[in-house]
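Take a look at the sequence and the structure first, and then read on.

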Amino acid sequence: MSQLVTARIRSTAAKLGLPHLAESLNQYVERAEEGKLGYLDFLDLVLAEELAVRDDRRFRQGLRLSKLPHHKTLDDYDFSFQPELDPRKVKDLATLSFIEAKANAALLGPPGVGKTHLAVALAVAACRAGFSIYFTTLDDMVRQLKTAEAAGRLTSKLRSYLRPSVLVVDEVGYQPLERAEANLVFQVISKRYEKGSIILTSNKTFSEWGQVFGDEVLATAILDRLLHHCDVIAINGPSYRLKNRLAAIERETDVA
């Protein structure tokens, strides 16, 4: 391929918003020559590579906007440490069919069992598949909504929790809410009902949510919408954090 043609293709690729093609043109040509690719195969190669690059760029941008606390995956989760947890249930969720159906997922259990890890892993998988994600703790969401309401911007702030395909709400139940605060949570859940998915984690059973939300009737209304289409996974095993802390103490003791 002549330098003139190469330069012209690079210029055209840049104008079309295909910077990877402009940078990698010589590599594509070499691969085509080595594989003796025909015109259509060469075009297929270039388009497939550009799509992969664009998908990866979109994925990284999605993770950045998601506010996820980390990007751990299911491969990082030690299922052997939670023998009562059936990995098949989690892997069924990882197919993301519940997100496509605009349904919900709830991960329940005591602190330290890996609820947040699994919630984040499902969110990362969803982001990879092209769904928009937003992560928040329940306390932070309530705080943000209260501040917006006081400033007369509640409707605008609500949209930030309604817009993403998947809203991850972590740590439901760690702090009890006042009724006015619980009503703000109800607005988010009711407006997302059958319009977008929620993945939540909680250290409380659903029977305890009346205490969490300070009102049995309001808690029932929230649960009614949340659980209508919801996969629930309970994790009742030991704490990962306690395991790691005990291991560290044992190492320190051995050294001493």
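Helices (H or I, at least four residues) and strands (E, at least two) are DSSP runs, numbered from the N terminus. Two strands pair if DSSP finds at least two bridges between them. Please keep in mind that this is a predicted model: local features need pLDDT of at least 70, side-chain atom pairs count only at pLDDT 80 or more, and totals for chains, interfaces and linings use all residues. Residues are numbered from 1 along each chain as its sequence is written, and side-chain values use heavy atoms, with hydrogens and water left out.

**The sheet**

Five strands form an open sheet with parallel pairing, in the order β2-β3-β4-β1-β5. Because β2 and β5 (230-234) stand at the edges with a single partner strand each, one side of each is left without a neighbour in the sheet.

Strand β4 (residues 197-202) runs parallel to β3, and five bridges join the two. Four bridges join β4 to β1, again in parallel. Some of the bridge partners are listed here.

| Residue | Bridge partner in β4 |
|---|---|
| V166 | S197 |
| L167 | I198 |
| A106 | L200 |

Six of the six residues of β4 are buried, so this strand is largely enclosed by the rest of the structure; buried means under 20% relative accessible area, exposed over 50% and partly exposed in between, with a 1.4 Å probe and protein chains only. On one side of β4 the buried residues are S197, I199 and T201, and on the other I198, L200 and S202.

**The cores**

A nonpolar core is a set of buried Ala, Val, Leu, Ile, Met, Phe, Trp, Tyr and Cys residues joined through side-chain atoms within 4.5 Å. The largest one has 34 residues, and L85, L118, V168 and I199 have the most contacts inside it. Its largest share, nine residues, comes from α6. A second, separate core of 31 residues includes V188, A219, A221 and I222.

Which residues does V168 touch, leaving aside its neighbours within four places in sequence? They are A119, A123, I133, Y134, F135, T136 and I199, where contact means heavy atoms within 4.5 Å.
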